[in-house]
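Colleague: Could you walk me through this fold, one packing question at a time?

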Amino acid sequence: MIRRLRRRVANLPWIHLRGLLSVPRYPGTTLTAKRLLNLYVARVDATQGRTVLRSYPMKLTIEASNVCNLECTACFSGLGETNGRRSMMTLDLYRRILDEVGDYLFEIEFYSWGEPLLSKFVYDMIELAHARGITTSISTNFSIPFDEARAERLVRSGLTTLGVSIDGARQENYERYRVKGNIDTVLRNCRMIADAKKRLASASPRFIWEYHVFEHNVDDIELAKSFARDLGMEICVSKGWVTGDEWARGGQFRFFSQAIPFPCLFLWHYGVIGTDGGVQPCCGSFYPEDDMGKLALTPDDLGAAMFFEVWNGPRFQEARRLFRSRTGPPEVRKSICFDCPVTVTYERWRNHRLIGRPPETFDPGYTENDTWNYFWSRRSRAKRPSLPELRPTGS
């Protein structure tokens, strides 16, 4: 195997070889031989476009809670959508996942479509991951009841990054998107974290003010930067997505991530697991009908005993195969990955290069706002196959 791998690596362009061998920067991660080997095998799997992987993901999104106290205007939970999942992931399920995958992970995110600090288990989850040398991160609305004891526990937990979504510096602008949120509560909670870090002489967690900018809160940016400095927070200003037409398309503000033609990282490198054990295709997925499979919660469940069984199951295989050829039977065409902007753009990119056009002339043709609207459009159950409909068609 090593000899074959050397031959394949030797045939890669230098720019790909450099990316293949580089180590990602995850402050707080303990580099081990097992993590590094899995990382390199995962990159070779992705470079080869393998549908059956020999590697685990290097990063997991663990949905600690899928309930939220706010009604944000471009969020499944905030807009009142329901998906029948449990409100919190149990520690038993989390420990099972960590026992299987933990040695390979560089990072765990504990947030998805809910407010993670509503979970009574999230502190234990962070501590268990930190003990294994895994980088941990949380993004919170922080408009929740909080106190000094919880602030100290969060700081002591080993949490690497704490992001707080505060989209405004004045209540009237903040609550336009963070519906039912209270900015005074949020800033008071941020002060508790800042004070706890000082008391404990702790450099962690990295403390970030996440500012999603919209037309209605542009004028609050400078005031927010001043508040952030006072609280010892970094501030990250990025364009907020909306349901419907993108505001100020092509304007001065940019989304946190930009559209590029690349095989989906969630199919080869990142995993997402919901509170009910549902293994989701990516962070944009919400409904169980779109899951790639499910982990059993009890020995009597019909779900998979191990994550790796789902990771290489028929749905993941079919989704990865789309990056070789975007074709398939009706059930594949109904799957969440088939018309995803990432999949469609990669197909267009391949065609662009096949006819000899230079890479710098390629236009992805979509933004993060289009991606959100694509996932939002999948509310109709008629568009989605039930889990058993997909069957493997080979490796």
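Modeller: Happy to! This is a predicted model, in which local features need pLDDT of at least 70, side-chain atom pairs count only at pLDDT 80 or more, and totals for chains, interfaces and linings use all residues. Residues are numbered from 1 along each chain as its sequence is written, and side-chain values use heavy atoms, with hydrogens and water left out.

Colleague: Which strands stand at the edges of the sheet?

Modeller: The sheet is open and mixed in its pairing, with 9 strands in the order β6-β5-β4-β3-β2-β1-β7-β8-β9. Strands here are DSSP runs of E with at least two residues, helices are runs of H or I with at least four, and both are numbered from the N terminus; two strands pair if DSSP finds at least two bridges between them. Each edge strand has a single partner strand, so one side of it is left without a neighbour in the sheet; these strands are β6 and β9 (293-294).

Colleague: What angle does the direction of α9 make with that of β5?

Modeller: Helix α9 (residues 221-231) belongs with β5 and β6 to a right-handed β-α-β unit, meaning that, with the strands pointing away from the viewer, the path from the first strand over the helix to the second runs clockwise. Angles run from 0 to 180 degrees between N-to-C directions, and axes are lines fitted to C-alpha atoms, for helices over the stretch in contact. Contact means heavy atoms within 4.5 Å. α9 packs on the sheet, touching β5 and β6, and its direction makes with that of β5 an angle of about 170°.

Colleague: How many charged residues does the contact of α5 with α6 have?

Modeller: Helix α5 (residues 122-131) packs against α6 (residues 148-156) at about 20°, with the axes 9 Å apart. That makes the two roughly parallel, a label for angles under 35 degrees, while over 145 is roughly antiparallel, 65 to 115 roughly perpendicular and the rest oblique. Y123, D124, I126 and E127 in α5 meet R150, R153 and L154 in α6. With Ala, Val, Leu, Ile, Met, Phe, Trp, Tyr, Cys and Pro as nonpolar, Asp, Glu, Lys and Arg as charged and the others, Gly among them, as polar, the contact has 3 nonpolar, no polar and, as charged residues, 4.

Colleague: How are α6 and α8 placed relative to each other?

Modeller: The axes of α6 and helix α8 (residues 183-199) come within 9 Å and cross at roughly 60°. The two helices are therefore oblique.

Colleague: Which residues does a cis peptide bond join?

Modeller: Look in the loop between α8 and β5, where P205 is found. Omega is about 0° at the bond, which joins S204 and P205.

Colleague: What is phi of F142 near?

Modeller: F142 lies in the loop between β3 (135-140) and α6. Its phi is positive in a residue other than glycine, near 60°.
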